[in-house]
Amino acid sequence: MTNNEDILITEVALRDGSHAISHQYTVDQVLKVAKALNNANVPYIEVSHGDGLAGSSLQYGLSRTNEMELIEAAVSVADKSKIAILLLPGIGTLYNLKEAANLGAKMARIATHVTEADVAQQHIAYAKELGMETVGFLMMAHMAPVEKLVEQAKLMESYGADTVYVVDSAGYLLPEQVRERIRALKQSVGTKVGFHGHNNLSLAMANTLVAIEEGATRIDGSVRCLGAGAGNTQTEVLVAVLERMGIHTGVDLYKMMDLAEDIVAPILQTPQEITKDSLTLGYAGVYSSFALHAKRAAEKFNIDSRDILIKLGKRKVVGGQEDMILDVAAEIAQAKRSLV
């Protein structure tokens, strides 16, 4: 594997997939998955709590294992792959970033809401000081017009980001909307451009291919679709499709297939599919990690989780506002009682 491949894939199952299993990864699971990904020549493996460094909390979900132990475990078996981390300013700190870098993480993906790139300045700059490759991760990209997205991407670039991502956190974007956004970034910034999709409307693969057509060269995938909501672009399927298209990733397709079947499938609590909740996420434009929180709140208040997600979408909630899920559920339950 070299950096001369047409497309460089970042595998996000050990971070985004944490949402799908309620942040219950063990060291042994991470060792097995990371080792297999390394053997399959996957360029980057992202390892963190689902909401990034220091995300383990009552609000976002408590981790079974300290994420630094998971990062250290992944680094120990990755002699070809580089370990990446995600950090959301306001959740993760510079101290957390330094700790991850000291353990051997080589890439820092600094994630903000699509209109709040300015909060990432010190984190991107510090990651550069630590010698890390840096990514500006513009989440919920559907919630800003293209002009605003470009403005925010330029900010990320000015802070030192090596790559800027269009992040379809809700799985809401349609292919032409992805095309418009990637094309605008390619025309406006000098950084590499990446795309991170979710499959809530069954469009992750289509959106990813459109992004690649428009010049995105950094692409996220999750093996066996192990990610929030209905998961991300399925890595092993993406590798197969790109090979048929003559696009090189350097990733071993058979090894990815074996990893998906033999190691990742047993980790999944339920198979990743487009359920009514994940479909509603994409339809309403709600952050994909909200699915399990909304389901639990619906059970607690004896209401329909879809009603919660639709109302959250109308309120244009963003990542970090998980505390609003219970509030909305309580309001719906109260309104339901009032009608009786």
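Entry 1, conventions. I take each axis as a line fitted to C-alpha atoms, for helices over the stretch in contact, and I read angles from 0 to 180 degrees between N-to-C directions. I also note that this is a predicted model.

I looked up how helix H9 (residues 235-244) packs with helix H10 (residues 253-264). The angle between them is about 160°, and their axes are 9 Å apart. Angles over 145 degrees count as roughly antiparallel, and H9 and H10 are therefore roughly antiparallel to each other. I recorded their crossing as left-handed. On the H9 side the contact is made by Thr235, Glu236, Val239, Ala240 and Glu243. On the H10 side I listed Leu253, Met256, Met257 and Ala260. Sorted by class, the residues of this contact give 6 nonpolar, 1 polar and 2 charged.

Helix H9 lies across strand S1 (8-11) and strand S8 (218-221). Relative to S1, helix H9 runs at about 170°.

How many strands does the closed barrel have, and in what order do they run? I found 8 strands in the order S1-S2-S3-S4-S5-S6-S7-S8, with parallel pairing. From one strand to the next, the twist averages 25°.

Strand S5 (residues 133-139) and strand S6 (residues 163-167) run parallel and are joined by 4 bridges. Which residue of S6 is the bridge partner of Phe137? I found Tyr165 in that position.

Entry 6, aromatic pairs. I searched the whole structure for aromatic pairs and got 2. One of them is formed by Phe137 and Tyr165, with 5.2 Å centre to centre and 45° between the planes, which makes the pair tilted. Phe137 belongs to strand S5 and Tyr165 to strand S6, so this pair ties together parts that lie 28 residues apart in sequence. I note that these two residues are also bridge partners.

I went back to the helices. Helix H3 (residues 67-76) packs with helix H4 (residues 94-103) at an angle of about 25°, and the axes are 9 Å apart. Are they roughly parallel or roughly antiparallel to each other? H3 and H4 are therefore roughly parallel, as angles under 35 degrees count as such. Their crossing is right-handed. From H3 I listed Met68, Ile71, Glu72 and Val75 in the contact, and from H4 Asn96, Glu99, Ala100 and Leu103. These contact residues divide into 5 nonpolar, 1 polar and 2 charged.

The last pair I looked up was helix H7 (residues 175-188) with helix H8 (residues 204-213). They pack at about 30°, with 9 Å between the axes. H7 and H8 are therefore roughly parallel to each other, and I recorded their crossing as right-handed. H7 contributes Pro175, Val178, Arg179 and Ile182 to the contact, while H8 contributes Ala206, Asn207, Val210, Ala211 and Glu213. By class I have 6 nonpolar, 1 polar and 2 charged residues for this contact.

Methods:
Residues numbered from 1 in each chain as written. Predicted model: local features only at pLDDT ≥ 70, side-chain atom pairs only at ≥ 80, totals over all residues. Heavy atoms only, no water. Parallel < 35°, antiparallel > 145°, perpendicular 65-115°, else oblique. Left-handed = near helix turned anticlockwise from the far one by under 90°. Contact = heavy atoms within 4.5 Å. Nonpolar A, V, L, I, M, F, W, Y, C, P; charged D, E, K, R; others polar. Pairing = 2+ DSSP bridges. Phe/Tyr/Trp six-rings, centres within 6.5 Å; stacked < 30°, edge-to-face > 60°.
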